[in-house]
Amino acid sequence: MIDGQLPILQVVLPLMMAPVTLILRNPRAAWMLTLVVTWATFTISLSLLMQVLDSGTIIYKIGGWAAPWGIEYVLDKVGAFVMVIVSGIGSIVLTYSRRSVEMEVPEDRIYLFYTMFLLCLTGLMGIVITGDVFNLFVFLEISSLSSYVLISLGKDRRALTAAFRYLIMGTIGATFYIIGVGLMYMMTGTLNMADLSALIPAVADTRTIQAALAFLTVGICLKLALFPLHLWLPNAYTYAPSVVTAFLASTATKVAVYVLIRIVFTVFGGVGVMEGLGVQHILMALALTAMFAASTIAIYQNNVKRLFAYSSVAQIGYIILGLSFVSESGVAAGIIHLFNHAIMKCAIFMGLGCVVLRIGGVTIKDMHGLGHRMPWTMGAIVLGGLSLIGIPMTVGFVSKWYLVRAALEKDMWFIAVLIVLSSLLAVIYVWRIVEAAYLKPVPENAAPVHEAPISMLLPLWVMALASIYFGLDATNTLSIALDAANALLHGGVL
Amino acid sequence: MDAFSGLFNYWIVVVLMMMGFYIVISQQNLIKKIVGLNVFQVSVFVFYISMGKIKGGSAPILADGIEIYSNPLPHVLILTAIVVGVATTALGLALTVRIKNAYGTIEEDEIEAMENTPSNKTPEATS
């Protein structure tokens, strides 16, 4: 009985528990409750993924109403995979969060932090599972509004301006998205994704549908911070509390990428917009620019959090580049990099959270000699950094390998060369941190520093080791990504 | 049908949309930015509402002698969007209050100037 209700539980559980944390008010109790809820959603996600792999797409009709009229929840392979990523990252980050939040968030607001965290999780889960384009907008705004609040909880006053800027740009993105949905509704009279993908080919040549596609793409690209639309991201990641950065960097933009996949390959699946309307080339050009421009900017940053924020913009470029090949291996490379990047960025930002806890700051200067003073923390950060570069035996290598293969399959050898070249830029910015942490002497007047507490190191190393484990044995993740890419490209329908 | 009078509702939508968008981009004052954002969102509300209206259609309530009804769905959708818009505005205004407390100003150029002068620069992640 309960088995059939699992898809809706993913949204309802965090949504219902969010106000409970508000009532609890006690920081410790709120944390415990949130911890239980996120691990529960992670467990459910895993069981849903198994179910999807075994017996195909799960469809859940809310209130028993049939599809085009009622809202349905649809979970296919891509959805289930992204859902596992989001809830997995959520539960690891939350396990880690208690000490870091106590230090970085004012004490009387800690319970609010957990309320917002649960709401954000609700929104992200809802986006992944819903099969209705307007419902998706609502969840998009739930997750966005709560992440503005999460960012503004940072102690630095610049967190406020960063959150405000994100609010303005995020709202513009979301509004563009509903304009697109409205235009699609005008032509088809439906909001259901499967229904839309069946009806759109008949009206695909109209100006209205083309305008809809343009609005949707630009709106979503704002949310996922594709290169020229990434301006909200660096400040938001830099000044948000470390836990928030670790969570948002590895989930929020990833889920936005998932939305792009859904719109381009599912809703517009029957039309082939990627090839037909040249969306492919635009995305490819922007992705390549992101890879180089953002990596170059990253090299010149002195705040390490900001450095990795720019590196995130570059990595999103790799994901979009994979999608823009519109081939099975390309899309699979995009999906697998989505997973891999989530793992390594989560590890890196959690490591930086440990540094903030002990040192109080994360500039390159703060990092001097830190490799000797906090060996476990720095070890994990360096592992994450190596993965960003794409050293063999790390997850980063798997995704780059598939990206290069996808490029060569399409005979775009120059893009393969560019992928390798841009990785060299990652070598430079990661090296700056390694140099500061291991080769620079410890500052003379430095206060003695302890290693981060075990409650933070453990989740950190789970993520760091995961980035090695999935690099050595990528068969599972790869087969899911390939299956998912295959399903998206052929049939396209959910 | 004439390109202007036949589509005048869309003209209003586009004009409002561009006005709002321009205000968001060009204004330095944070409150004015939020107002611009509201105008921008309202244009989308008008767009949805006028989309559901059918010429000669009545309100979608079953009654004798009425054959044509307007489509209620876009109207319902936009109720949700209005709620989202209100929440966004509230949050934006709350952030503006906090920014005013932290910086003493809500002019974006003045805030930027404060951030860029080294003397006022707060160290990274002050506690």
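Biologist: Is the crossing of α1(B) and α2(B) left-handed or right-handed?

Modeller: The model before us is predicted. The crossing of α1(B) and α2(B) is left-handed. These are residues 8–26 and residues 30–52 of chain B, and their axes come within 7 Å.

Biologist: How are α1(B) and α2(B) oriented to each other?

Modeller: One compares the angle between the axes with a cut-off: angles over 145 degrees count as roughly antiparallel. Here the axes cross at roughly 160 degrees, and α1(B) and α2(B) are therefore roughly antiparallel to each other. Among the residues that make the contact are B:Ile12, B:Leu16 and B:Phe21 of α1(B), together with B:Val39, B:Phe40 and B:Phe47 of α2(B). Sorted by class, this contact has 15 nonpolar, five polar and two charged residues.

Biologist: At what angle do helix α13 and helix α17 of chain A pack?

Modeller: Helix α13 (residues 304–324) and helix α17 (residues 395–409) of chain A pack at about 35 degrees, with axes 10 Å apart. Their crossing is left-handed. From α13(A), A:Tyr318, A:Leu321 and A:Gly322 make the contact, and from α17(A), A:Ser399, A:Leu403 and A:Ala406. That contact has four nonpolar, two polar and no charged residues.

Biologist: How many residues of chain A are in contact with chain B?

Modeller: On chain A, 31 residues are in contact with 32 residues of chain B. Helices α5 (133–152) and α6 (158–188) of chain A each supply at least two residues of the side that touches chain B; α6(A) gives the most, with 15 residues. By class, this side of chain A divides into 17 nonpolar, nine polar and five charged residues.

Notes. Residues numbered from 1 in each chain as written. Chains lettered and ligands numbered in written order. Predicted model: local features only at pLDDT ≥ 70, side-chain atom pairs only at ≥ 80, totals over all residues. Axes fitted to C-alpha atoms, helices over the stretch in contact; angles between N-to-C directions. Helix = DSSP H or I, 4+ residues; strand = E, 2+ residues; numbered from the N terminus. Parallel < 35°, antiparallel > 145°, perpendicular 65-115°, else oblique. Left-handed = near helix turned anticlockwise from the far one by under 90°. Contact = placed C-beta atoms within 7 Å. Nonpolar A, V, L, I, M, F, W, Y, C, P; charged D, E, K, R; others polar.
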